[in-house]
Structure formats: C-alpha cells, structure tokens
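Subject: Handover of a structure for your study

Dear colleague,

Please find below the structure that I am handing over to you.

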Amino acid sequence: MDVLTALLLLVHLIPVSAAKNGVSSKSRKRILPDPATEPPVTDPVYEALLYCNIPSVAERSMEGHAPHHFKLVSVHVFIRHGDRYPLYVIPKTKRPEIDCTLVANRKPYHPKLEAFVSHMSKGSGASFESPLNSLPLYPNHPLCEMGELTQTGVVQHLQNGQLLRDIYLKKHKLLPTDWSADQLYLETTGKSRTLQSGLALLYGFLPDFDWKKIYFRHQPSALFCSGSCYCPVRNQYLEKEQRRQYLLRLKNSQLEKTYGEMAKIVDVPTKQLRAANPIDSMLCHFCHNVSFPCTKNGCVDMEHFKVIKTHQIEDEKERREKKLYLGYSLLGAHPILNQTISRMQRATEGRKEELFALYSAHDVTLSPVLSALGLSEARFPRFAARLIFELWQDREKPSEHSVRILYNGVDVTFHTSFCQDHHKHSPKPMCPLENLVRFVKRDMFVALGGSSTNYYDACHREGF
Ligand SMILES: *[C@@H]1O[C@H](CO)[C@@H](O)[C@H](O)[C@H]1NC(C)=O
Ligand SMILES: *[C@@H]1O[C@H](CO)[C@@H](O)[C@H](O)[C@H]1NC(C)=O
C-alpha cells in the first residue's frame, strides 16, 4: 500500500470510531504497518481501529496473484464473522443502542444490501443442515440481540464476497457459469452471526445464487474438528495457557487498578465486573462511535479502554513467546488442516468437486490455524478476517501443484513455518503443495517436541 492510500484509509478510520470517545486524530497520522504480518505496535487505539475493520474503499488484496502459466484449481476460505453486538453486558449500565436491522440510509452501506435481504427472505430450510434451519438468515432486530451480526458485519462480508468474486470468478474462472452444488463446500458453526456472515460472503461471491444449489453444513465445534475432537493433550496445553494468562494479569497492577475503578463506577464487586469481560462491550462502543457508559458515579472512559487494550497486546506478545498456545494450536488446527489438504489432493487428481470451500467461523477458529501455520506475527483475527488457501497448477508442469496463503489480503505464504525462505531458492512465487502436506501429516507433530509423528499419538502423549 502506498503512503497516500494509507493516509486516506487512516483518515477514513479515525472519525468513525474515535471521535466520541475523545481520540484526537492528530496523533494517528503515520504510515500503516502491514496489518497482517507486522506485529502489533503498542498503540492500543490504533490496534482497536484495525480490529473494528470499518469498511473502507482502500481494501488491500493480493488474492489470485500468479504468473500466467498457473491455473487456479481450488480455493479454501476461512472467515471470522463480521462486526457483532457484544456477547456480554457491563453490569448495571445501559447497553449500547445499536440497530441490527439492515437499511439503505445507514452507513456503512453496500450496493447489494437490499438485494441481499430480498434474496435471504426467499431462502428455505432445505439449504441448511439442522439445527441451522432454525436460525434467521439476516440480522433483523431494532435493538441488537447479544452477539447479533450488525449491518457493518453484513457489509464487511458482502465486500469480502465481491472481492473474491472479482478475482476468482471473473478473472480466474474458478467455477463455470453453470456451477453445480457439489462444487461448493459450505460449513458454519451454529451461531446466527456465522451463518449470516457466510451467507453475506456467498451472496457477494455468487449474487442471486440458486437456493437449490446451496447446502450449509453445521459444525458443532469452533475448532472444526468434526470426528477428531477428542484430544486430551490439547486440553492440557489450553489449561497451562490459561494459567499463564491469569498470572500475567495478576502482575499488571495498572490493570487491576483500572478494573477496580470501573467496578466502583458501575457499583459491583471487581470480580463480577472482570467476569463480564468489559472490553468486549467497550470495543462495540468504540467501533460504533457510541460513548462509553456512565452512571451517577462517573463514566467509563478512554483511559480505561487503553489500559485493558494494552494489556491484551502484552498478553498476545507473551503468548507467542511462551509457546503453550502454539502446542494447543498445532493439535487444535490439525483436523481442519488435514481436511483441507485432503480436499486439495482430490482436486489435484482432477475431481471437479468442492473447488470453493467456505468455513464461517470465529476468532477461536482462525487464531489456532494462524498460530499452527507459524504465522506468529499475524494479528489476532479482526471482525470479518479472512484466511485463504489457494491451490494452483503449473500449466508448464501439470503434475506440479502449489499453494498460496493469504491473510486479510496479504500474501503470507513465505511467513509460514513450512515454506519459510522457500522463495529464496526457487523461482516460483508460491509453495509446493508437498510442503503443506508434509507439515500437516507429520511435521506439525514433530514441532510439538515429543516423539509423536501422528495426531492420535500426539493427543495421548503420556507424561506431558
Ligand atoms: C461520532 O460521534 C461524534 C460525537 O457525537 C460526532 O461528532 C461524529 O460526527 C461521529 N462520527 C461519525 C463518523 O459518525
Ligand atoms: C486426515 O485425513 C485422512 C484422509 O481424509 C483421514 O483418513 C484421517 O482420519 C484424518 N485424520 C484426522 C486426525 O483427522
């Protein structure tokens, strides 16, 4: 991204979110670092703005970039749902008044918004595996329900879908115009926000799709681990990681003081306030330009927000260094990566099925996958984050297949642990599929440090 685009993007971002909560835009004027591969800077407000992901015109995208003699074979898309209403309320305060109906005269807007609503109202239960068929297909409450997708969230994914349409369908002809049901693979967790995000992306990607050709599978686990979820060692890593998190929090006296102050303002015990995860609500206030809540005792303010957000950034830093989360991630991400390489391998054999796979998921889905791939510098998944695997065939050597990996439009292929520095000794601007396969089938267990070389052994390692 050039400097001008960066500044335009920045100028666009500032007034939307920060004005009401008292952030001056003066201090923000500097060049954006690469939001996918450069580690978080320690500016909590800037990090929060990236996290909001307010739809802007300057969307970066390196998807689909390949030399002419490469043919796109299949695409595997992992998304986090778009902007949502908080999952928690700050005790004894009025919850933010945000309208979750979809209307044309509210920003952010997308030209396909009304058509999306109209198309969703024609949808039928037959397109969804139970219990998805009991969920609403688009957000529709004048006061958002807890966790509900907002108009911002819908627009974010309509944009993602349209961007992927321009690249993969119009430019690379991934699907024929008369594509069939079995050429798509669609899967979502059972929350309305993930289903609706998946539908918005799909609508942007295939406008006015035929409902009879759509089938969304239901994934009960946020790790998308299907039949392979039982993994005791993974849970042990998670417990140790949670212990690390707890100890780091205890060491941060400024954070404890801040929670104490906020607890006084809302008049509940500090413990109760902390359990209500106030940063989740505060981010919603922040992203939607709604003032932080006040009581007769005072107001939650920007300084509180900065302290908690700064702690989150420090927590992520220590999380990378201590590697417990990496252990959790290698085991947690294996099943979904294993499924993805199987799907890729079938496509290399010439099968014309499941050429476009979409997994509509959560931060707790994308984050372990990023970590397992070795993308340790990648930012925590923002709203409507997208992680994409592209499979390519070299027309000059048809037996050779390669992959590209993109996070929020940035090519991170050579930041992965299985393809680091590959480009330094190969003229190809992508990674051999074999590298990814070898990593998923074996090397990811070797990376755990024990003697296990497969998922079952690694999950049941004694004396860990
Ligand atoms: C945010 O809120 C402030 C204060 O009400 C207002 O002046 C500003 O225009 C708002 N910004 C946007 C982009 O809505
Ligand atoms: C990995 O994929 C293969 C082929 O689809 C399958 O047989 C195997 O059970 C999978 N392993 C895990 C742990 O998911």
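Cys225 is buried, at a relative accessible area of 2%; buried means under 20% relative accessible area, exposed over 50%, and partly exposed in between (1.4 Å probe, protein chains only). The link of Cys225 and Cys229 is right-handed, with 100 degrees about the S-S bond.

Please note that this is a predicted model, in which local features need pLDDT of at least 70 and side-chain atom pairs count only at pLDDT 80 or more, while totals for chains, interfaces and linings use all residues. Residues are numbered from 1 along each chain as its sequence is written, chains are lettered from A and ligands numbered from 1 in the order in which they are written, and side-chain values use heavy atoms, with hydrogens and water left out.

Confidence

The protein chain has an average pLDDT of 91 (the predictor's confidence in each residue, from 0 to 100), and 90% of the residues score at least 70. Over residues 1-17 the pLDDT stays under 50, and the model has 34 contacts (heavy atoms within 4.5 Å) beyond four places in sequence for them. Residues 24-33 also have a pLDDT below 50, with 24 contacts beyond near neighbours in sequence.

Disulfides

How many disulfides does a search of the whole structure find? The search finds six, a disulfide being a pair of cysteine sulfur atoms within 2.5 Å.

One of them joins Cys100 to Cys144, with 2.1 Å from S to S. The torsion about their S-S bond is about 95 degrees, so this disulfide is right-handed. The two cysteines are 44 residues apart: Cys100 is in the loop between strand S1 (70-80) and helix H3 (113-120), and Cys144 is in the loop between H3 and helix H4 (151-171). Helices (H or I, at least four residues) and strands (E, at least two) are DSSP runs, numbered from the N terminus. Cys100 is buried at 0%, and Cys144 is buried at 0% relative accessibility.

Another disulfide is formed by Cys231 and Cys459, whose sulfur atoms are 2.1 Å apart. Cys231 lies in the loop between strand S3 (216-218) and helix H6 (232-251) and Cys459 in helix H14 (residues 455-459), so the pair ties together parts that are 228 residues apart in sequence. This link is left-handed, with -90 degrees about the S-S bond.

Aromatic rings

The structure holds 16 aromatic pairs. Rings of Phe, Tyr and Trp (its six-membered ring) pair if their centres lie within 6.5 Å; planes under 30 degrees apart count as stacked, over 60 as edge-to-face and the rest as tilted. Among the pairs, Phe116 and Tyr203 are edge-to-face, at 5.9 Å centre to centre and 65 degrees between the planes. Both Phe116 and Tyr203 are buried.

Yours sincerely
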